[in-house]
Amino acid sequence: MTATKDGGPSPGGAYPGKTPRRRLAGTAARPGLRGAAGSPLAVAGLLGVGALAVYMLYSWLQWTSFAIRSWDLGIFTQLAKDYAHFQAPIVSIKGQGFNLLGDHFHPILVLLGPVYRLFPGAFTLLVVQNLLFAASVAVIAHLAVKRLGRIPGACLGFAYALSWGLQSAVDSQFHEIAFAVPFLALSLCALLEEKWRQAWIWAALLVFVKEDLGLTVLVLGLVMAHRSRRPAGLWLAAWGVTWFVLATQVFLPALNHGSPWAYRSQLDIAGFLGDPASLFQKDKVATVLLLSAITAGLALFSPLVLLVLPTLAWRFLGDLPYYWGQEWQYSAVLMPVVFCAALDALSRRKVLDSAKLRLLSGVALALVAVSLSGHFAFDRLLHPARDFSTAGNAAAYSALAAVPSGVSVETDISLMSYLVDRDEVYWVGNTNPAPDYVLMDVSGRAGTADTTTATEAEARFPGIRYITVHADGHFQVARRVAK
């Protein structure tokens, strides 16, 4: 889509009375893009498949080296297992009887149920997330090639596939935002093509991925209303606000034993007003600068960039430092936003009305993505023996073999995701019922006697006796003794 003089859409979604402009150089109408090998669909498909291969390689190396990042993969695997058996997502890793729909509002995850039923395993969730991310790559690359031409469009798609937000999300393993990434890509690309109904539908689904995305839908609706000059955008904005209020004030408290929304402190507007300088902390500034850098600043030329504000608000207004930086999955939803904004900017004649400039911009995006990759997760792919060492695998397999299937296990995060498919798993940091087994990683402890895990379990569960059934320099397993 090109832009009219006043910034609105041009033909085919032109306003009455506007004069059609010539096609942009570098669009799909060029003869060189008509061949099958260079068609937007073919280029997008190749980029999507390539991205999937890289994501899967990283996940496979993580999984086979027992490089687990957090307890989240275990949590969402328990959720998927419950949905697969038509049960409420009662996730014991979060606490006995804890309904995960009371933590975050993500009913879209019910779609994991049938997939898990067919392919039961925590690794299945990593495959699902990688497929969803790769699908978003194909969607954005397809429109980029149509708009910009084969080479600059492919460069933009390549840069998006390697963007640091997606790298960090793949590294962090499965989270509900896996669904938000392709929904945003589909909605924003439809919006740029003036397919308002499609844009509305894909955006509307975001409210079922996570409660805070209702605010993103609000902003998206306002942008749509401005660009389309139609009331549908305002209805979308109202839809987003309504579901944000329902999720945070009704559903989450009701499903979390009547407690208020657990993350309301993240929107601490009063705290910000009392200390505005808090927005300029090092990690926050770095995140904003990197969001601009990955598109060489092009995203700043499009109103679509406003969609980053709700996500940055709940991350920056709270007092949890791990929300501020570039690690974990929190920036993944920002990647389709800034790259679609960059695509919008490159498509506008006012910004770059030269095929050569668009080509140079596309190449610059690809070079920036490659250079930044050396500072994020995928740099580990260059050193698999060092960063995905399998030296401790034998100890892990032995510890897992010491725990039978169908029992309850209390554990830390080390082998949690490898136990959830077959056992009822509890996290050692919660107050839990006495489990049948306790499995702990003791490699970082000083003076690990064989009875350490057993005696610690007895201290947590007075009156219950545990004996050590497996111990080495890495893991210990204790079994509950029947009275």
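**Chatting about a five-strand sheet**

Visitor: Hi! Which residue in β5 is the bridge partner of Tyr437?

Guide: Arg479 is the bridge partner of Tyr437 in β5. Before we go on, this is a predicted model, where local features need pLDDT of at least 70, side-chain atom pairs count only at pLDDT 80 or more, and totals for chains, interfaces and linings use all residues. Residues are numbered from 1 along each chain as its sequence is written, and side-chain values use heavy atoms, with hydrogens and water left out.

Visitor: Thanks. So how do β3 and β5 pair?

Guide: β3 (residues 437-441) and β5 (residues 475-480) are antiparallel, with 5 bridges. Strands here are DSSP runs of E with at least two residues, helices are runs of H or I with at least four, and both are numbered from the N terminus. Two strands count as paired if DSSP finds at least two bridges between them.

Visitor: And what joins β4 to β5?

Guide: Strand β4 (residues 466-471) runs antiparallel to β5, with 5 bridges joining them.

Visitor: Where does the parallel sense come in?

Guide: Look at β1 (residues 408-411) and β3, which pair in the parallel sense over 3 bridges. There, Thr411 stands opposite Leu439 in β3.

Visitor: Which strands does helix α17 lie across?

Guide: Helix α17 (residues 393-401) lies across β3, β4 and β5, at about 5° to β5. Helix α19 (residues 452-460) lies across β1, β3, β4 and β5, at about 150° to β4. Contact means heavy atoms within 4.5 Å. Axes are lines fitted to C-alpha atoms, for helices over the stretch in contact, and angles run from 0 to 180 degrees between N-to-C directions.

Visitor: Switching topic: how many disulfides does the structure hold?

Guide: The structure holds 0 disulfides, a disulfide being a pair of cysteine sulfur atoms within 2.5 Å. For Cys189, the nearest cysteine sulfur belongs to Cys340 and is 4.0 Å away.

Visitor: Is Cys189 buried or exposed?

Guide: Cys189 is buried, with a relative accessible area of 5%. Buried means under 20%, exposed over 50%, and partly exposed in between, using a 1.4 Å probe and protein chains only. Cys155 is buried too, at 14%.
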